Amino acid sequence: MRQLIAGNWKMNTTTASAAALAAALREGVVGCDMLVCPPATQLVAVAAALAGSPVMVGGQDCHGSPCGAHTGDIAASMLADAGATWVILGHSERRAEHHETDAVVRAKVLAAQGAGLRPIVCVGESAAERSEGHHEAVVGAQLVGSLPSSFDGVVAYEPIWAIGSGRSATAADVEAMHAFIRTELVQLFGARGGEMRVLYGGSVKPDNAVSLMALPDVGGALVGGASLVAADFLAIARAAGG
Ligand code: 13P
């Protein structure tokens, strides 16, 4: 399975710095699938900078409705119109800061797919949930609640305690959770669930990417901080794709 290395730029970059970062990635295209998800206001500039390159562009969130009175929100069709072909949904920062429930994430997945976008649905447990031994129950419930039966996208396992902490999950933790997620996906979707890519996210850096990307059932990475430095993001992509 070809791996996907996705960069989540979060709330960083200006139009100029985003276009420069995109242009630098264009120069170093590698053998895996690559995706960058800039802030919505930078989508048009980044899509233009990457036009004709295999590096794909995505949003970081969308609304669950196709249009209407939702001040400050962005519809999936607007992301597509700006050049996006993917969208990250249910990131733990949105679940925490915007109180997004699994039902909300599920509605967003349906809206995204309705607009022709491929969703990356994030799941992951907190430090407390892991120390209490509830991590599989938490992630299992997120999968069941967030993924509609028509789901046709990618799952990203992002343990909350590993995000931005510089402390990635251990190989054993990643391997065990990805095996669990695979079993759940097959249970939910049958054979299709065996083919879905499952990304790992949480302090992925050039120095741990080779070992993380070599683990069974790791279909790529969702990268935060290191995706803002072109050389680091490209090094991670080389670890995945050759
Ligand atoms: P970091 O790579 O900065 O830990 O962020 C991971 C993440 O949240 C990607 O969505």
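Me: Which residue in strand 8 does Y200 stand opposite?

Reply: Happy to start there! This is a predicted model, in which local features need pLDDT of at least 70 and side-chain atom pairs count only at pLDDT 80 or more, while totals for chains, interfaces and linings use all residues. Residues are numbered from 1 along each chain as its sequence is written, and side-chain values use heavy atoms, leaving out hydrogens and water. Strand 7 and strand 8 (residues 220-223) run parallel and are joined by two bridges, where strands are DSSP E runs of at least two residues and helices are H or I runs of at least four, numbered from the N terminus, and pairing takes at least two DSSP bridges between two strands. In strand 8, the residue opposite Y200 is A221.

Me: Which helix does the chain pass through from strand 7 to strand 8, and what is the handedness of the crossover?

Reply: The handedness follows a viewing rule: with the strands pointing away from the viewer, a path from the first strand over the helix to the second that runs clockwise is right-handed. Here the chain goes through helix 10 (residues 206-213), and the β-α-β crossover is right-handed.

Me: What is the bridge partner of A156 in strand 7?

Reply: Strand 7 also pairs with strand 6 (residues 154-157), in the parallel sense and over three bridges. From strand 7 (residues 198-201), V198 and Y200 point one way and L199 and G201 the other, and all are buried, a term for under 20% relative accessible area, with exposed for over 50% and partly exposed in between (1.4 Å probe, protein chains only). The bridge partner of A156 is L199.

Me: What is the bridge partner of A6 in strand 8?

Reply: Strand 1 has paired strands to consider. With strand 2 (residues 33-37) it pairs in the parallel sense over five bridges, and N8 has C37 as its partner there; strand 1, helix 1 and strand 2 make a right-handed β-α-β unit. Strand 1 and strand 8 run parallel too, joined by four bridges. In strand 8, the partner of A6 is L222.

Me: With which side chain does the side chain of D33 make a polar contact?

Reply: D33 is found in strand 2 and is buried, with a relative accessible area of 19%. A polar contact is a pair of N or O atoms within 3.5 Å; within protein, one must be able to donate a hydrogen and the other to accept it, and residues adjacent in sequence count only if both atoms are side-chain atoms. At 3.0 Å, the partner side chain is that of R197.

Me: Is R197 buried or exposed?

Reply: R197 sits in the loop between helix 9 (191-195) and strand 7. Leaving aside residues up to four places away in sequence, it touches M1, R2, Q3, L4, D33, W86, R118, V154, V155 and G219, where contact means heavy atoms within 4.5 Å. Its relative accessible area is 12%, so R197 is buried.

Me: How much of the ligand's accessible area does the protein cover?

Reply: Of the 13 residues around the ligand, K10, H91, G164, S203 and G225 come nearest, with "near" meaning a heavy atom within 4 Å. A side-chain N or O atom of K10 is 2.8 Å from a ligand oxygen, and for a side-chain N or O atom of H91 the distance to a ligand oxygen is 2.8 Å. A backbone N or O atom of G224 lies 2.9 Å from an oxygen atom of the ligand. On its own the ligand has 310 Å² of accessible area (Shrake-Rupley method, 1.4 Å probe; for residues, only the protein chains shown count as cover), and the protein covers 97%.

Me: What is the phi of K10?

Reply: K10 is found in the loop between strand 1 (4-8) and helix 1 (15-27). Its phi is positive in a residue other than glycine, near 50°.
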